[in-house]
Each structure stands twice: as C-alpha cells, then as structure tokens.
Amino acid sequence: MTKRGSQISASEDDSASDDRADTSHFAKPLLSNLKQYWGYPGFRALQREAMSLVMSDQDSLVVLPTGGGKSLCYQVPAISRDGLALIVSPLISLMKDQVDSLQSVGISAACINSMQTNREKIEVADKIRRRELKLLYIAPERLVQTKTVQFLQSAGVSFVAIDEAHCISQWGHDFRPEYRQLRNLKTIFPGISVHGYTATATEQVRADIVEQLGLTNCDILVGSFDRPNLQYRVERRTDAIGQIQRILNRHKGESGVIYCISRKHVDATSEALNRLGFCTLPYHAGMPDEDRRKNQEAFIDEDVNIIVATVAFGMGIDKSNVRFVIHAEMPRSLENYQQESGRAGRDGLEADCVLLYAANDVDTWEFLMQDTEDPAVLDAGRESLQAMKQYCVSTRCRHAQLVEHFGQILEASNCGACDFCLKEMEPVSDPLIVGQKILSSVVRQGERFGAAYTAQVLRGSRAKRIVENGHDKLTTHGLMKDESEPQLRNWIDQLLSQGFLRQAGEFNCLEVTPSGRLLLKGQQTPTLLRTRVADSAQPFEDPWSGVDRDLFEELRAMRTRLAIQKHVPPYIIFGDATLRDLARHRPTKGGMLTKISGIGAQKQKEFGAVVLFTIQQWCEANNVETNVGLDEAVKTRPALRQATKAPSEGKAQEYFDLFEQGLSMEDAAHQLGRSMDTVSKYLGMYVEAHRITEISPWVPPAMEKRINEAIGQIGSERLKPLFEHLKSEISYAHLRIAATAWNLRQADDE
Ligand code: ADP
Ligand code: ZN
C-alpha cells in the first residue's frame with residue numbers, strides 16, 4: 001500500500017482557481033459536476049485527489065475528519081462515471097439522509113434496507129435494471145448475499161465505496177461484525193475498485209481496514225484532523241446549569257447538543273433548562289425507542305434546538321448546522337471528545353465546543369469502568385481517562401493538543417479558536433508567588449487535605465472543619481481571599497498537571513512533589529493562567545461579516561417551511577452557509593443565485609423563486625440594499641417589480657406549481673380565485689428565477705412582439721408609460737411578463 005498524501009493544512013476550501021499542479025484530466029468534469037449539482041465553487045482539501053482515485057479505479061482509503069466532505073469524494077465521481085456506484089453504509093438513518101440529500105440536488109439515488117416494503121424494493125430493483133440509478137446505498141450484510149450479488153453483477157457496477165470504513169476494524173470505536181463480510185468484496189466483484197472512507201485517526205485502524213478489505217494495492221490519503229472552525233474551551237464546572245445557560249444565551253435559536261455522562265443527569269439537566277425557559281429534549285438509551293426516535297426527529301427537523309443526551313446520541317446524525325456542543329461533564333477519552341464535539345460545525349461554519357469538567361468526573365468514569373473485567377481494557381481505559389483529564393487542565397492551545405494526540409502537528413502557532421489563543425486565559429504576572437502560596441498552604445495543612453479544602457483555607461473560610469483542625473490559625477489562611485474558589489481550584493489543577501503537586505490516597509489528598517519543593521525554594525516557576533469567562537465567541541474572522549442577521553432569520557423560517565412541504569430536514573434544503581451567503585449578498589435576480597455557494601441547478605429550479613421573493617420582499621420592507629458584492633452590471637439593471645408591492649409569500653408555491661404545469665395566467669387566476677395582476681406578479685418571479693425567456697404559454701407571440709417594439713422605443717423600466725404607449729390595449733399583467741423576459745434576454749446578452 002502506498003501513502004499518497006498526508007496533508008496537514010487547514011481544511012480550507014481549495015478553490016477552483018487554485019493552480020497547484022494537478023495533472024489529472026478528471027478534475028474538469030468533476031469540478032463541473034460539483035458546481036452544477038451542489039453549487040460549490042471548488043474542492044475542499046484532498047477531495048480532488050480522492051475523487052481522482054475513484055475515477056481511475058485505484059483502490060483507496062481516505063481519512064478526513066467529520067465534516068471534511070468525505071461523502072462528496074465518492075458522490076461526485078459516481079455521477080461523473082458510467083454505471084452504478086454501490087455505497088456501503090452502516091445505518092439506515094444515514095442512508096436515508098444521504099439519499100434525500102442527493103435527490104435534493106437532482107441525482108438519482110436510492111437505498112435498499114430492511115425497513116422498506118417489498119414494493120419499494122421492487123421499485124429500486126426496476127430502476128437498477130433500467131440503469132436509471134447512479135448511487136445505491138446498501139447495508140454490508142445485504143451486499144454480500146448471493147441473490148444480491150447475482151443481481152448486481154449484471155447491473156453495471158462502477159465502484160464500491162465503504163462509508164464509516166472503521167466499522168470493519170475491531171480496533172476502532174465502532175466495530176460492526178457485519179462489516180467483516182466485506183472481506184470478500186474483491187472476489188465477489190472482480191476488477192471493481194473499492195474505496196473506504198473514515199474519520200478514524202489511528203494508524204492501527206487504518207492498516208486494519210486495508211488488510212480486512214484485502215486491498216493489496218491501496219492508496220491512502222490522510223487529511224488534517226484539525227477542525228479550524230470549532231472553538232474549543234474548557235471551564236471548570238462550578239454551577240453547571242448557570243454555565244450552560246450562559247453558553248446557550250450566545251446561541252439563541254441555534255441548534256446544539258449537551259452531553260452528560262449518565263441518564264439521570266440528562267433528565268435532570270434537560271428539566272432544569274426547561275424550567276429556565278429553554279426548550280430542550282432528552283435522549284438516552286433508557287428511554288422507550290419511540291420517544292427517542294421522536295426527540296431525535298424533532299432535533300433534526302428543528303422543532304427543538306437543544307438535545308440533552310448521553311453518548312448514545314449522535315451516530316447517524318448528519319445535521320450539518322449544529323452550532324454548539326457542550327459537555328456538561330468530561331467525556332471518557334479524547335477520541336470520544338473529538339468525535340462528539342466534532343458533530344458541531346460540519347458545514348464548515350464556526351461552532352462552539354465547551355467542556356465543563358470537575359475532578360469527580362474522573363471518579364465517575366473510574367466507577368463505571370469497574371465493571372470491565374479485562375485488565376488490559378481497564379488499563380487502556382484509565383490511560384484514555386488520564387489523557388482526557390490532562391487536556392482539561394493543561395495550559396496550551398486546545399487545537400494543538402487534539403491534533404497531537406492523533407499524531408499530527410498544528411502548524412499555526414495561534415489557532416485563533418481556543419480559550420488560550422483567544423486570550424481568555426491570561427498568564428498571571430507573578431506565577432511563582434501564587435504557586436508558593438498554594439503549595440505552602442498544602443504543606444502547612446500536613447498534606448492530608450484535598451483541593452477543595454485547600455482552596456477554602458486560602459480564601460479564609462471559617463467552616464467548622466477548618467476551625468476544628470485549627471487551620472484558621474495558619475499563616476496561609478485567607479492569604480488569597482480575593483480570588484474566587486473556581487480560580488483557586490483551577491490553579492491547583494494547573495499545578496497538578498505541571499507536576500508540582502500530586503494527589504494521593506483514597507481522598508485525593510494534595511502532596512507536594514520534589515519539583516514542588518523546588519518551587520517553594522523559588523528554584524522553579526510554574527505557568528499559571530487566569531481564566532476569564534467568555535461571553536462571546538470571537539473567532540479570527542467574523543463569519544457573520546456582511547450578513548444581515550434578521551434576513552438570515554427570515555430565510556431560516558423560509559427553509560423550515562420548505563422542509564415541511566418537501567418532507568426532508570431543513571439542512572437538506574439549504575445549509576447554513578448558503579443562507580448566510582444569501583443574507584450577505586441579498587440577490588434578487590435569478591442569474592445571481594448561481595454565484596451563491598450551495599445552490600446548484602436543481603436547487604435553483606426548485607427554490608429559486610421563493611428565495612428571490614423572500615429576499616426582495618424583506619429588503620424592500622426593511623429598506624436594505626440588495627445585490628451586494630455581486631456582478632455590478634446585473635446590480636444596476638432596473639428592477640421592474642420594485643415599483644409594485646410584492647405579494648405575500650407562503651402561497652407562492654401554489655402559484656409556481658400551476659405555472660409548472662403550464663397553466664395560463666387566466667387559468668391560474670381562475671383556479672386560485674385571484675386577480676390577473678396578482679398572478680402576474682408571481683409569474684414574474686417564476687419567470688425570473690427560472691430565467692425563462694420563452695413566454696408564449698402566458699403572452700401570445702404577436703402580443704409579445706408589440707410589447708417588445710414598445711420597449712425598444714421607451715425602455716422597460718416602468719410599466720405605466722408602456723401601458724399608455726400601447727393605448728391601454730394590453731394589460732399590466734402581460735406587460736409585466738414580457739418586460740421581465742426582455743430584461744432577462746438583455747442580461748444574457750451582456
Ligand atoms: P463528512 O462525511 O466528511 O463528515 P460531509 O460529506 O457530510 O462530511 O460534508 C460536510 C458538509 O460540507 C456538507 O454539508 C457538505 O455539503 C459540505 N461540503 C463538502 N464538500 C464541500 C465543498 N467542496 N465545498 C463546500 N461545501 C462542501
Ligand atoms: Zn489555540
């Protein structure tokens with residue numbers, strides 16, 4: 001096996017204009033399909049390379065983090081090649097999501113699974129026979145069934161892609177025995193290339209995947225595991241609900257997940273937040289299946305924004321616009337943390353990942369691990385726990401720590417997206433003195449007390465226990481009374497993590513280590529940081545720059561309505577990135593929509609009119625400039641409809657459906673019980689969005705010719721002069737449509 005590229009660059013968009021050496025002749029058709037179907041202007045890191053391997057039938061394993069864009073690595077080649085691509089996927093919900101999303105961009109895809117009726121299965125089989133399908137999603141156990149194999153062998157299979165490929169390895173975190181059956185793929189489908197995709201980072205798992213799949217000549221592509229759009233923060237947990245509340249307040253109306261360790265905490269946290277006026281739903285394995293399913297769907301459909309869950313929640317959730325993931329308690333390993341926090345910001349937009357931890361989280365996990373009988377597993381579990389704890393109390397860039405854990409190095413010295421790099425933690429000016437004060441209290445207390453007790457002594461508490469022990473007489477009593485308890489506990493954690501203190505015995509009593517003794521003598525200095533609570537998330541560049549937030553909300557509401565109509569989750573209609581782009585550039589002309597990332601031909605055809613209308617109406621009502629930062633030539637062209645009050649949306653779709661069926665304006669007016677004038681306003685939007693210049697279904701050619709002559713003389717800016725010029729013989733409705741088509745032709749000619 002050969003390792004082609006191991007790339008540690010941030011997963012920035014690798015734009016089309018980028019002229020890095022790529023001799024692949026596949027790039028052009030791939031890029032053109034990426035644009036046409038998905039409306040994306042360029043490849044993300046390693047996508048072009050990964051896609052080229054599929055195009056050239058070279059077996060491959062592609063390792064990219066969650067949100068790195070793995071699906072497109074096989075979806076774009078699938079439609080750029082002849083034949084049917086088989087996609088192995090572990091979960092029905094994942095398959096369904098992918099099929100919905102492919103269909104929404106106009107690609108013929110289907111899945112076969114156990115939840116389907118016989119009739120549905122037959123329909124899919126018929127499509128395969130007719131060679132109409134481009135992608136078929138299928139579970140591994142079904143793919144290797146003799147009957148399926150026989151059927152597919154004559155179906156013109158182009159290649160096999162294996163999603164979540166780590167499921168084949170028992171070293172991975174999600175081993176699925178049924179994946180083992182994929183070992184025979186190379187024999188079952190001789191000559192067909194096999195491509196695996198995973199976000200799992202360890203070398204061992206990678207090697208195992210390749211071996212299990214029997215890929216003797218396999219190219220491996222490994223991307224950077226860093227997720228630059230995620231902002232990582234750690235806070236010591238002092239008042240969990242209060243802390244969560246503060247985080248939720250900076251994400252009003254946005255989707256997010258709150259993870260807790262136990263079912264009990266899930267329920268308690270969800271209830272407490274609901275009492276505070278938030279709207280949350282719980283999710284854990286102790287709930288009836290039906291309730292769980294309902295809560296998960298409510299989250300995906302954005303009926304509710306916040307899910308409080310155990311780790312049981314997340315697999316099979318492709319929701320791209322999760323804006324925050326809060327861990328109310330520490331996860332059991334960095335692998336878990338990376339995976340769970342990684343569910344935020346799949347769309348590449350900024351997202352907030354906050355971890356609240358307290359020392360007793362470690363005890364909770366230790367307790368839960370006790371049931372594990374295998375000592376090797378127990379040791380590994382403890383090791384993972386230690387690494388996780390270290391991350392919580394460390395004093396370095398979080399992004400750097402995470403990628404290093406997975407064997408990579410972060411090149412940027414300041415990630416711009418963690419509590420350290422954002423300077424939310426400032427170095428204290430006199431770390432030696434602070435360290436000495438704390439350590440000397442530990443020594444004076446006889447090294448027989450824990451962190452909480454020590455912090456209380458330093459703050460001058462007169463708690464019964466302290467007085468009884470005579471520790472209110474210590475010189476260190478009240479020595480740091482101006483510092484908060486969480487701050488003191490935090491410094492103790494930092495001293496622990498830097499090896500100046502250690503915890504001993506059943507009660508985690510603090511002891512001073514040999515380096516601690518040097519510190520007391522002033523021969524070693526710790527690094528101590530003061531934490532400042534973040535009230536706002538401020539990344540490097542403002543990802544909301546130029547976005548009209550109110551219009552964004554308006555577009556979100558539009559998206560929800562469309563999602564309900566189409567029976568798909570909102571993020572399948574448009575991603576958040578697309579809505580932001582729309583609210584930033586505020587296009588009002590059909591031709592401009594193609595410039596918005598995430599709007600391909602199908603989306604434009606299906607939703608273009610509603611989008612343009614929503615923007616136009618909102619901007620007019622709020623006196624906000626439209627067509628910002630888009631083609632100037634288009635921008636200055638007169639907008640015909642601006643003179644007239646735009647009709648109300650919502651109903652738009654019922655008009656568009658009729659136009660789609662080719663109804664004349666008269667018939668549509670009759671059917672909907674509206675005036676011709678109203679119908680013509682909707683038709684104007686429709687014609688514009690679809691860039692229709694052939695308008696004979698609505699304006700007879702002879703009439704259009706007359707109107708065009710008039711426009712040729714006096715222009716198309718305003719309808720009234722046209723109406724008068726034509727001696728009131730042609731209705732405003734017809735004039736409006738003809739003038740719209742005229743403008744479109746002009747735009748096309750320019
Ligand atoms: P993964 O499977 O690696 O977790 P996905 O394939 O789900 O990632 O992609 C994550 C998100 O990024 C999706 O919303 C997808 O449409 C988007 N995306 C993928 N490739 C691109 C690209 N080249 N340009 C813009 N967005 C992209
Ligand atoms: Zn950082």
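In this predicted model, the chain is divided into five parts by the domain assignment, with the bounds listed below.

| Domain | Residues |
|---|---|
| domain 1 | residues 2-222 |
| domain 2 | residues 230-422 |
| domain 3 | residues 426-531 |
| domain 4 | residues 542-632 |
| domain 5 | residues 649-749 |

Taken along the principal axes, the C-alpha atoms of the chain fill a box of roughly 105 × 65 × 55 Å, and the secondary structure comes to 32 helices and 20 strands. Of the 750 residues in the chain, 55% are buried. Among contacts with a separation of 6 or more, 73% are made by residues 24 or more positions apart.

**Domain 2 against domain 4**

The C-alpha centres of domain 2 and domain 4 lie 31 Å apart, and the contact between these two domains draws on 14 residues from domain 2 and 10 residues from domain 4. The size of an interface is often given as the accessible area lost when the parts come together. For domain 2 and domain 4 that area is about 1,100 Å², with carbon and sulfur atoms giving 47% of it. On the domain 2 side, Glu302, Leu349 and Glu350 supply 38% of the area buried against domain 4, which is more than any other three residues.

The buried positions are Arg398, His399, Ala400, Gln401, Leu402 and Val403, and what covers them includes strand 11 (230-236), helix 13 (334-341), helix 15 (375-393) and strand 17 (425-427). Just after helix 16, glycine 407 takes a positive phi of about 80°.

Strand 9, made of residues 194-198, is mostly covered, with 5 of its 5 residues buried. In a regular strand the side chains alternate between the two faces of the sheet. In strand 9, Val194, Gly196 and Thr198 point one way while His195 and Tyr197 point the other way, and all of them are buried.

Two parallel partners can be described for this strand. Strand 4 (residues 60-63) is joined to strand 9 by 4 bridges in a parallel arrangement, and within that pairing valine 62 has tyrosine 197 as its bridge partner. Strand 8 (residues 157-162) also runs parallel to strand 9, joined to it by 3 bridges, and here alanine 161 stands opposite histidine 195.

**Histidine 734**

Histidine 734 has its place in helix 32, which covers residues 732-749. Is this histidine buried or exposed, given its relative accessible area? Histidine 734 counts as buried because its relative accessible area is 8%, which falls under the 20% limit for a buried residue. Leaving aside residues up to four places away in sequence, histidine 734 touches Met665, Glu666, Met676, Trp698, Val699, Met703 and Ile707.

Methods. Residues are numbered from 1 along each chain as its sequence is written. Chains are lettered from A and ligands numbered from 1 in the order in which they are written. This is a predicted model: local features need pLDDT of at least 70, side-chain atom pairs count only at pLDDT 80 or more; totals for chains, interfaces and linings use all residues. Side-chain values use heavy atoms; hydrogens and water are left out. Buried means under 20% relative accessible area, exposed over 50%, partly exposed in between (1.4 Å probe, protein chains only). Two strands pair if DSSP finds at least two bridges between them. Domain bounds come from an automatic or database domain assignment. Contact means heavy atoms within 4.5 Å. Buried area is the accessible area (1.4 Å probe) that two parts lose on being put together, summed over both.
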